[in-house]
Amino acid sequence: MTTPLPVDEQGLLLRLTGPLQSWGLHSHFNERDTAAFPTRSGIIGMLASALGRRRGQPVDDLAALHLTVRTDRPGVLTRDLHTVGGGLHAKATVTTAEGKKRPGDTGTLLTHRHYLADAAFTVALTAPRTTENHALINSCAQALRNPRWPLHLGRRSCPPEGPLLLGESDDALHHLIHLPIADLPPRTPAAEGAPVEFLADRPLTSLPAPAHTASKTHEDGTHASGELNDQPVSYHPSQRVYRSRPLYRRTLLLPHTQFAGLGTQQLTALGRYLDTRLHTTEGSRP
């Protein structure tokens with residue numbers, strides 16, 4: 001197993017959970033998909049919304065942050081059927097690509113929208129320790145506590161549940177591994193621990209994982225497992241631009257005692273961890 005490389009970074013820790021989440025990747029016209037985990041474009045867009053940046057404003061500074069996601073609960077893929085344009089006067093129905101209106105019984109369209117139901121993720125947004133990055137992370141934390149516009153988990157119909165910002169930290173990746181997991185303990189806990197997946201936009205060899213959590217049967221995060229077209233360049237309504245970026249995966253075997261259950265039980269364990277182990281500046285707690 002590769003020895004973790006030391007990193008000198010600071011960052012934010014986020015908790016992304018709610019009844020529904022939807023992180024679109026290939027959404028096109030009437031088919032709106034979701035990735036199985038939060039995307040860079042979705043998370044960076046959420047930060048921009050909290051900061052009050054309009055869609056035409058640059059996001060280069062936010063897009064430079066590193067994203068690492070821990071999958072606490074993958075959720076259940078759910079599809080919702082919508083109808084658009086039905087029961088309206090001909091002049092009020094959906095406009096075609098040619099700028100005309102759909103006639104008669106073709107005025108009603110069906111759309112399929114996909115969601116992750118009851119999913120939970122813990123996220124670390126990190127950057128090298130510099131004066132500029134310190135100011136950026138601090139401003140993002142303040143904005144997440146008092147967002148300019150309402151925040152959502154990928155789509156406006158998916159508000160977050162409970163505390164979203166867990167805090168700022170000089171060792172965010174360490175806490176990403178050790179924070180209580182929002183899931184029930186495994187029914188038959190194995191001695192070596194239960195598998196928990198981490199996903200990132202860079203090799204996960206820098207993840208400060210204890211040696212005993214390494215898995216010999218899962219990916220170790222050394223090489224990219226694929227690419228995603230979710231690196232935001234511009235959110236301008238008439239010209240959204242994204243770039244491809246690598247996706248790295250790594251599975252750690254975490255102790256069953258770290259699985260804190262659901263609901264208030266998990267929130268209680270999370271609060272206890274934040275009080276005793278996550279050292280943050282005054283006022284940075286959720």
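Is Asp-118 buried, exposed or partly exposed?

1. The model under review is predicted. In it, Asp-118 has a relative accessibility of 47% and therefore counts as partly exposed, since exposed requires over 50%. The residue belongs to the loop that joins β6 (109–117) to β7 (120–128).

2. The backbone of Asp-118 deserves a remark. Its phi lies near 60°, a positive value in a residue other than glycine. Most residues other than glycine have a negative phi.

3. Helix α3 spans residues 131–145, 15 residues in total. From its first C-alpha to its last, α3 reaches 21 Å, close to the 21 Å expected at 1.5 Å a residue.

4. The buried residues of α3 are Asn-133, Leu-136, Ile-137, Cys-140, Ala-141, Ala-143 and Leu-144. Viewed down the axis of α3, these buried residues fall within an arc of 165°, so they line one face of the helix. An α-helix has 3.6 residues a turn, so residues three or four places apart point the same way.

5. The cover over the buried residues of α3 comes from both helices and strands: it includes α1 (40–51) and α2 (60–63), together with β1 (9–17), β7 (120–128) and β8 (165–169).

6. Thr-213 is found in the loop between β9 (194–200) and β10 (226–234). With a relative accessible area of 2%, Thr-213 is buried, because the limit for that class is under 20%.

7. Two kinds of interaction are noted for Thr-213. Its side chain reaches the backbone oxygen of Pro-210 at 2.6 Å. Not counting residues up to four places away in sequence, Thr-213 touches Thr-251, Leu-252, Leu-253 and Leu-254.

How values were computed: Residues numbered from 1 in each chain as written. Predicted model: local features only at pLDDT ≥ 70, side-chain atom pairs only at ≥ 80, totals over all residues. Heavy atoms only, no water. Helix = DSSP H or I, 4+ residues; strand = E, 2+ residues; numbered from the N terminus. Expected span 1.5 Å × (residues − 1). Buried < 20%, exposed > 50% of the residue type's maximum accessible area, 1.4 Å probe, protein only. Arc of directions from axis to C-beta. Contact = heavy atoms within 4.5 Å. Polar contact = N/O pair within 3.5 Å; in protein donor to acceptor, adjacent residues only side chain to side chain.
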